[in-house]
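Thanks for coming, everyone. I'll walk you through one structure today. Please have a look at it first.

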Amino acid sequence: MHETFAGPNATTLTAVPSPLGADATFGAVGVLDDELRYGPDARNSSLVRRYQGLFVSAGLVSPPGAQSAINLVFTAGERRGSTLAMLGPVLSFTSAIERAVVGGTGTFRMARGYCVMTRAGSPTPESLVYEVDLFLDMYHA
């Protein structure tokens with residue numbers, strides 16, 4: 001997953017800041033529309049899906065946690081037009097992030113499972129690359 005969090009080509013941003021002030025994160029709402037590619041090099045790997053969703057800073061403890069709702073939207077290949085829906089917390093951005101796969105559409109109808117996302121690098125100061133691994137049990141795919 002290729003994410004850019006600053007600059008004119010940002011793929012993630014805070015849409016609603018925290019009502020508690022500039023330095024607070026609790027209550028902030030963010031959105032993202034990241035690219036999912038076959039490899040870590042954006043110039044030499046094919047775009048296969050979008051990683052779209054929202055997150056809410058919902059933790060008052062340190063480190064603050066976030067809740068996320070993510071859709072993987074398949075944009076190429078035989079699964080084009082299908083989606084996977086994921087929900088779960090983000091407890092830390094420095095360790096693996098695990099989310100539950102709670103359903104899907106198209107070839108992923110009735111899908112269940114989980115996703116593990118681990119940081120794979122930072123090609124520029126304003127971007128990150130994550131490895132996204134899916135573990136699915138599909139009833140009617």
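**From the surface to the core**

Let's start with Val-31. Its relative accessibility is 37%, so Val-31 counts as partly exposed. Keep in mind that this is a predicted model. Where does Val-31 sit? It is found in strand S3, residues 29–37. Together with Leu-13 and Leu-54, Val-31 forms a nonpolar patch on the surface. The accessible area of the three together is about 240 Å².

Next, the aromatic rings. How many aromatic pairs does a search of the whole structure find? There are 2. Take Tyr-114 and Phe-135. Their ring centres are 4.8 Å apart and their planes are at 20°. Planes under 30 degrees apart count as stacked, so this pair is stacked. The pair also links distant parts of the chain. Tyr-114 is in strand S8, residues 111–121, and Phe-135 is in strand S9, residues 127–138. That puts them 21 residues apart. Tyr-114 is partly exposed, at 35% relative accessible area. Phe-135 is partly exposed too, at 40%.

Now the inside. Nonpolar side chains tend to be buried together in soluble globular proteins. Here, the largest nonpolar core has 20 residues. Which strand gives the largest share? That is S5, with 4 residues. S3, S5, S6, S7, S8 and S9 each supply at least two.

Met-1, Tyr-51, Leu-72, Leu-84, Met-86 and Met-117 have the most contacts inside this core. Look at Tyr-51. Leaving out residues up to four places away in sequence, its contacts include Met-1, Leu-72, Met-86 and Met-117. Tyr-51 also touches Asp-33, Asp-34 and Arg-99.

Note on methods. Residues numbered from 1 in each chain as written. Predicted model: local features only at pLDDT ≥ 70, side-chain atom pairs only at ≥ 80, totals over all residues. Heavy atoms only, no water. Patch = residues over 30% accessible without salt bridge, like charges linked within 9 Å, V, L, I, M, F, W, Y side chains within 5 Å. Areas by Shrake-Rupley, 256 points an atom, 1.4 Å probe, with all protein chains shown as cover. Salt bridge = Lys/Arg side-chain N within 4 Å of Asp/Glu carboxyl O. Buried < 20%, exposed > 50% of the residue type's maximum accessible area, 1.4 Å probe, protein only. Phe/Tyr/Trp six-rings, centres within 6.5 Å; stacked < 30°, edge-to-face > 60°. Core = buried A, V, L, I, M, F, W, Y, C linked by side-chain atoms within 4.5 Å. Contact = heavy atoms within 4.5 Å.
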